[in-house]
Amino acid sequence: MTDVPHVPVLLDEVLDALAIAPGETHVDGTFGAGGYTRAMLGKGAAVAAFDRDPTAIANGARIVAESDGKLTLIHAPFSSMAQELEARGLAPVDGVVLDIGVSSMQLDQAERGFSFQQDGPLDMRMAGEGMSAADWLNNADEGEIADVLFHLGEEPRARRVAKYIVEARPLTRTAELAAVVRRALGHRPHDKKDPATRTFQAVRIHINRELDELTDVLAAAERVLKPGGRLVVVSFHSLEDRLVKRFFRERSGSTPAGSRHRPAVGPRAEPSFETPAKAVRPGEAELVRNPRARSATLRAARRTGAAPWSGEDKV
């Protein structure tokens with residue numbers, strides 16, 4: 001880690017939504033470079049922080065040493081939050097913050113293979129284990145690749161890109177994949193958005209099962225939060241934000257119970273969250289300081305005293 005602390009997106013807004021009181025216990029579900037965790041510790045909270053990336057865990061050892069016993073760093077996917085906290089006697093908690101997606105630290109490390117702007121191995125594994133991006137792209141059939149690019153990257157010309165990828169196999173480097181996508185879609189050096197953006201995003205989300213992980217961690221946070229506890233989620237992609245928005249709408253009882261055309265099935269569960277606060281976007285000052293914040297959206301809500309919903313309690 002560098003000596004300059006990482007400043008995460010929407011830090012002040014996250015702290016406002018968490019409303020930390022000294023002595024509370026909060027969870028940083030996406031530790032990364034430790035930006036949120038440092039700020040939460042500075043507000044007097046004890047923090048349990050999660051990351052499935054072994055590099056993040058190793059780099060966080062110094063923050064643990066400086067925390068005077070107030071930071072518990074857990075090497076596990078955030079979807080296992082409930083089990084991990086309960087096993088350590090740390091639940092229930094007063095707040096949970098989640099910063100969804102790839103971290104700045106991961107993007108900046110070419111050897112991790114997340115960025116099309118730097119050449120490196122075509123990897124993209126957040127946990128450093130399992131199937132890599134190269135493994136999947138070099139073995140999946142063209143139709144599967146096209147579906148992933150369309151659904152997870154919202155790439156309108158997914159079939160064309162998939163065809164070019166299959167024809168160019170084997171691919172082993174990020175620069176190779178980026179070049180293939182640019183060739184498939186056309187690219188001018190001064191284009192505002194690189195055409196490889198959507199493909200890299202889709203492949204990363206697929207390899208790391210990010211939407212499934214997000215669904216699971218939202219339910220886990222619901223389970224570990226005390227009545228009055230705060231859940232704060234910062235997302236950077238429309239698919240992620242829609243999932244978070246739908247979760248809060250369902251759990252706060254804001255989704256219609258049904259109609260004469262589509263009646264509700266069974267009784268509604270009691271709302272487990274209050275009506276969420278209005279979504280927050282970064283201001284101009286933050287965008288100047290950190291251009292990566294341009295697509296960020298923060299959503300937050302407070303836990304009620306109702307029981308967590310079961311898997312059958314979907315509206």
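This is a predicted model: local features need pLDDT of at least 70, side-chain atom pairs count only at pLDDT 80 or more; totals for chains, interfaces and linings use all residues.
1. Basis. Local features need pLDDT of at least 70, side-chain atom pairs count only at pLDDT 80 or more, and totals for chains, interfaces and linings use all residues. Residues are numbered from 1 along each chain as its sequence is written, and side-chain values use heavy atoms, with hydrogens and water left out.

2. Strand pairing. Strands (E, at least two residues) and helices (H or I, at least four) are DSSP runs numbered from the N terminus. Two strands pair if DSSP finds at least two bridges between them. Strand 4 (residues 93–99) runs parallel to strand 5, with six bridges. Valine 93 has leucine 225 of strand 5 as its bridge partner. Strand 5 (residues 225–235) is antiparallel to strand 6, again through six bridges. Leucine 231 faces alanine 301 there, and valine 233 faces arginine 299.

3. Strand burial. Buried means under 20% relative accessible area, exposed over 50%, partly exposed in between (1.4 Å probe, protein chains only). Eight of the 11 residues of strand 5 are buried. In strand 6 (residues 297–302), five of the six are buried, so the rest of the structure largely encloses this strand.

4. Helix 10. The buried residues of helix 10 are Thr174, Leu177, Ala178, Val180, Val181, Ala184 and Leu185. They fall within an arc of 160° seen down the axis, so they line one face of the helix; the arc is taken from the directions from the helix axis to the C-beta atoms. They pack against helix 7 (133–139), helix 9 (158–168) and helix 11 (197–207), where contact means heavy atoms within 4.5 Å.
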